[in-house]
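The following note comments on the packing and the aromatic contacts of the model shown below.

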Amino acid sequence: MSYPHELMAADPHDRAALHRTDDAWLDERWADPGSRVLVVSGTRIRPVGGRIDWVAPAEAPEGLRVLLGEWDGRAWFAVVTDAGLSRQGEGWVPLRGLLPSLADDALAYAPLVFHALGLAEWLFVTRFCPRCAGDLEPRKSGHELVCTRCGKAQFPRTDPAVIMVVTHGEPGSDDERCLLGRQSVWPEGRFSTLAGFCEPGESLEDAVRREVLEETGVHVGEVDYFGNQPWPLPASLMVGFTARATTTEIQVDHDELEDARWFTRREMREQAEAGSLVLPGGVSISRSLVEHWYGGPLPGHW
């Protein structure tokens, strides 16, 4: 069985890291009208007709030229400008607003778009050297920032986050249940798998157990790796797990979650078909975790 989140990384680009400092190679690829460029204003891009808009290098505005790599026989770049460009016109959206576009024919571009916007977000928030507050100068086609005062280099950071489907009962039985939660800011009926960030000095498996206990009061024993998904919202790697609960009583923290519930497969299917249970979108690893436990596709999504 293939899972929805795997589609977003089915055909990743060659990041061509060895060419990030090769000025001659970069100039040659930039001069090629077949190369493609994603224009990013601050951390936003502007889809055209509901699709990701890639332009030729000659059509790109001035800005920081970022090499994304090679894919489908072409070189791919991003040009990152300041946020002023997006304030001059309508239609500029952040990554979360792009997800509906990535769910259709633009899905193949997802690794390139995530790469571009992940770097843009890092460049946007990393303005000064954390050691001496000096100015930072971009290097390696936007993949490194070096302090002009003390020389310390800064690199893009990715925060590991765990996301898990928690189950209880005999695996595969009619009585087996899956634990889902919802935040108060979500529309009525929306539920998802639990998730949270890994803390310093903590294994990913222990992060699963801690987050589930903190948010729902449920204790978890066995934890198994499922898969992962880049999630630059703004800079995360979602690491998916399946987890077996050793207790079932729910005590919601009312901080992270408003509600949490156990669902049997029958309850999940019936409520999803009725629209009273709205599950995560098809491109998310959360959806993959739920459908992995359920055993097949389910109707409806965010």
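1. Burial terms. A residue is called buried at under 20% relative accessible area, exposed at over 50%, and partly exposed in between, using a 1.4 Å probe and protein chains only. The model is predicted: local features need pLDDT of at least 70 and side-chain atom pairs count only at pLDDT 80 or more, while totals for chains, interfaces and linings use all residues. Residues are numbered from 1 along each chain as its sequence is written, and side-chain values use heavy atoms, with hydrogens and water left out.

2. Domains. The protein chain is split into domain 1 (4–125) and domain 2 (159–294), with bounds from an automatic or database domain assignment. Their C-alpha centres are 31 Å apart. An unreviewed UniProt entry annotates residues 156–291 as "domain: Nudix hydrolase"; such annotations may be inferred rather than shown by experiment.

3. A nonpolar core is a set of buried Ala, Val, Leu, Ile, Met, Phe, Trp, Tyr and Cys residues joined through side-chain atoms within 4.5 Å. The largest one has 45 residues, of which Trp54, Leu68, Leu180 and Met268 touch the most other members. Helix H4 (residues 110–125) gives the most to this core, nine residues; helices are DSSP runs of H or I with at least four residues, strands runs of E with at least two, numbered from the N terminus. Domain 1 (4–125) and domain 2 (159–294) both contribute residues, so the core lies between them.

4. Second core. A separate core of 19 residues includes Leu179, Val220, Ala245 and Leu257.

5. Aromatic pairs. Rings of Phe, Tyr and Trp (its six-membered ring) pair if their centres lie within 6.5 Å; planes under 30 degrees apart count as stacked, over 60 as edge-to-face and the rest as tilted. The whole structure has nine such pairs. In one of them, Trp54 and Tyr109 have ring centres 6.0 Å apart and planes at 45 degrees, so the pair is tilted. Trp54 is buried at 12% relative accessibility, whereas Tyr109 is partly exposed at 26%. Ring pairs join Trp54, Trp71, Trp76 and Tyr109 into a cluster.

6. A further pair. The rings of Phe191 and Phe263 have centres 5.6 Å apart and planes at 75 degrees, so they are edge-to-face. Phe191 lies in the loop between strand S9 (177–182) and strand S10 (194–197) and Phe263 in strand S13 (residues 259–264), so the pair ties together parts 72 residues apart in sequence. Phe191 and Phe263 are both buried.
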